[in-house]
Amino acid sequence: MIEKALKGSNVYIGWLVFLSVLILAGVVSYAQQYQYGLGYTGMSRDVSWGIYISQFTFLVGVAAGGVMIVLPYYVHNFKDFGRITILGEFLAIASVAMCLLFIMADLGQPTRALNVLLHPTPNSMLFWDMIVLNGYLFLNILVGWVVLHSEYKGTKYPKWLKPFIWLSLPWAISIHTVTAMLYCGLPGRHFWLTAIIAPRFLASAFAAGPSLLLFIALVLKRVTKFDLGDVARDKIITIIGYAAILNFFFLGLEFFVAYYSDIPGHKHALDYLFWGLEGHDNLVGFMRLSLVLGGLGLALFWIPQTRSNEKTVMAACVLVFSSLWIDKGLGFVLGGFVPTPLEYVTEYYPTFGEILITMGVWSTGFLILTILYKVAISVKLEKES
Amino acid sequence: MDDKRRRFLKLAGLSAVAGIGAPSAFNLLLKGEVNASSPAPASHGTESPGSGHGEAPTGVRLGMVIDVNKFAENPGMAQKCVDGCHQTHNVPIFLDSKGQVNPKDAIKWIWKEPFENLFPDHSHYRRNDALHELPFLALCNHCDNPPCVRACPTKATFKQKNGSVIMDFHRCIGCRFCMAACPYGARSFNWRSPRERDENGNLKFIKNLNEKFPTRMRGVVEKCNFCAERISEGLPPKCVEATGDTGAMIFGDMNDPNAPISQVLKSTFTIQRKPALGTLPSVFYII
């Protein structure tokens with residue numbers, strides 16, 4: 001089955017070469033970081049997590065978001081998602097792979113990563129995150145591959161797979177809940193110390209994951225004969241629409257609590273992110289842009305004319321995904337470090353090498369995704385023709 | 001080793017009360033101690049509303065009282081504490097290309113901090129002017145309920161039986177979860193190798209290497225260890241030693257009612273950093 005990934009059009013090969021070049025740039029930069037230490041990045045004593053952990057956090061959401069496609073098909077027998085469940089599962093595989101790579105890129109002593117297994121520490125949320133992420137990776141590889149292989153053979157997937165499919169559904173929720181718990185259980189970091197982190201993470205995940213998936217599916221419709229179907233498209237739009245609204249509703253609640261209670265510690269991070277704090281405002285433009293993009297994307301998803309037009313739907317996908325990327329893949333982690341426990345404001349700027357490593361990891365994820373989708377689409381088109 | 005330390009602390013405490021000249025480094029502290037203690041009993045710690053979890057009632061629990069007034073009376077002493085500690089523990093000083101200390105890579109075990117930064121939860125409205133001039137020292141609080149230990153995925157940072165929170169530099173994977181978890185900004189990360197040498201083979205960032213304490217590799221977290229290595233040899237922490245007989249820093253077993261530190265805590269109004277978080281700091285300040 002994997003042989004389907006080896007041959008393709010010039011566009012396909014060109015895309016793989018393009019990704020490989022970016023991966024190579026990332027690998028070279030990582031070699032430099034490995035030589036020098038994490039001082040290679042823009043992180044500091046005050047802002048001790050940067051763009052790696054931000055991307056990790058965001059991508060756990062993209063991985064979990066795939067469940068919004070998988071769940072209706074298996075639990076509610078929503079047949080129209082039958083053609084794209086495999087896309088949801090494979091998106092989860094690529095996203096979790098990126099998560100793990102970002103964690104590795106962020107470790108000061110990556111060769112000691114297995115210490116987490118050698119000295120299991122159940123009181124650490126990072127220990128549990130390691131378990132749920134690797135478990136989710138395993139479940140999606142197993143389910144995705146076996147289901148696709150059965151389709152390839154022209155049979156229905158074996159019965160023994162059913163428990164794994166069902167297990168993967170709550171497991172998707174768990175990965176983002178545990179990732180939220182990395183942050184919301186820390187005393188003294190006001191911005192993160194809120195019970196709404198996990199629900200907000202899930203809401204934003206259920207918008208960001210399906211947005212990416214829908215965008216890719218519509219691209220596939222243009223460049224291949226694969227068509228996800230109008231009913232499926234419309235249903236995904238509904239899912240994204242509600243999830244994104246929930247996310248912004250939760251964000252609004254954060255604003256209310258901070259500014260109505262008027263407790264300085266609760267306001268500082270939001271001040272920093274949206275208005276600037278003590279003259280430091282390097283994220284203000286991004287955060288405001290995030291709101292604008294999110295609002296525009298939501299409008300396109302809800303207005304009947306733009307909702308039924310594939311071009312505007314694709315635009316809406318990009319807008320919502322970008323908005324949520326800024327919100328979670330940039331603002332959430334960095335905002336938590338401002339101000340520091342000693343009430344200083346230190347800003348973080350990623351270095352060029354750090355950005356290359358980040359792009360390298362993203363490219364690796366997209367390479368995995370491209371190959372998996374190529375196999376899946378080829379199998380599906382072969383069976384249907 | 002643990003027993004040895006326990007016996008030492010007991011001895012130190014007992015000798016403090018009896019006033020017999022035990023050959024202990026704590027004798028130095030004792031002198032400042034007698035004046036500071038008063039007979040009036042005062043409640044502390046366990047009954048305060050911030051200490052929601054209750055503190056360890058038995059066993060040794062090391063603690064420290066920092067008397068800021070004594071630091072004010074002895075200008076330059078705070079810096080002596082910082083230098084003594086950083087020298088003893090081979091804390092590197094990273095300079096940027098212009099020869100300035102690079103705050104991005106900074107490693108600090110103990111350092112000077114203004115009142116409003118050390119105690120951001122306290123009101124700073126119409127505070128007395130003198131407060132802002134006082135040389136406050138910041139260091140790891142060696143919390144009885146340490147969030148960093150809870151967060152660490154490998155037990156590379158852990159609480160010892162005597163209450164001090166220390167690091168295993170060889171187990172740390174450098175995830176920096178403990179740095180995000182610490183509400184006191186007490187932890188530093190080796191963003192680059194402190195062992196780097198210049199072309200003559202000399203350490204670039206560590207002057208006057210202390211052979212008795214290890215240097216660190218890049219990519220691990222470090223912080224104040226309450227001088228675990230000195231305590232096991234019966235010596236007081238280096239910063240305490242640097243204050244001489246001023247009594248500016250009182251160190252010992254808070255669970256020993258006869259220890260000088262217990263006497264001070266019982267008789268003097270002290271404050272802890274961010275008590276509302278329930279971390280139960282073991283460092284107290286007299287202002």
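Helices here are DSSP runs of at least four residues, and strands are runs of at least two. By that count, chain A of this predicted model has 14 helices and 0 strands.

**Chain A overall**
- A compact globule of 385 residues would have a radius of gyration near 21 Å, and chain A comes in at 21 Å, so the two agree.
- Along the principal axes, the C-alpha atoms take up a box of roughly 65 × 50 × 40 Å.
- Buried residues make up 59% of the 385 in chain A.
- If you look at contacts in chain A with a separation of 6 or more, 77% come from residues 24 or more positions apart.
- Chain A shows about 15500 Å² of accessible surface, and carbon and sulfur atoms own 71% of that.

**Aromatic pairs**
- W49(A) and Y183(A) are edge-to-face, because their planes sit at 80° (over 60 is the cut-off), with ring centres 5.9 Å apart.
- That pair bridges distant parts of the chain: W49(A) is in the loop between α1 (10-36) and α2 (51-65), while Y183(A) is in helix α7 (residues 162-184), 134 residues apart.
- Both W49(A) and Y183(A) are buried.
- F115(B) and F119(B) make a tilted pair, 5.3 Å centre to centre with 35° between the planes, and both are buried.
- Ring pairs also tie W49(A) and Y183(A) into a cluster with F191(A), W192(A), F201(A), F332(A), F337(A) and F177(B).

**Charges over rings**
- R45(A) puts its charged end over the ring of W111(B), 5.0 Å from the centre.
- R216(B) lies over the face of F169(B), 5.5 Å from the ring centre.

How values were computed
Residues numbered from 1 in each chain as written. Chains lettered and ligands numbered in written order. Predicted model: local features only at pLDDT ≥ 70, side-chain atom pairs only at ≥ 80, totals over all residues. Heavy atoms only, no water. Phe/Tyr/Trp six-rings, centres within 6.5 Å; stacked < 30°, edge-to-face > 60°. Buried < 20%, exposed > 50% of the residue type's maximum accessible area, 1.4 Å probe, protein only. Lys NZ or Arg CZ within 6 Å of the ring centre and 35° of its normal. Rg over C-alpha atoms; globule rule 2.2 N^0.38 Å. Contact = heavy atoms within 4.5 Å. Areas by Shrake-Rupley, 256 points an atom, 1.4 Å probe, with all protein chains shown as cover.
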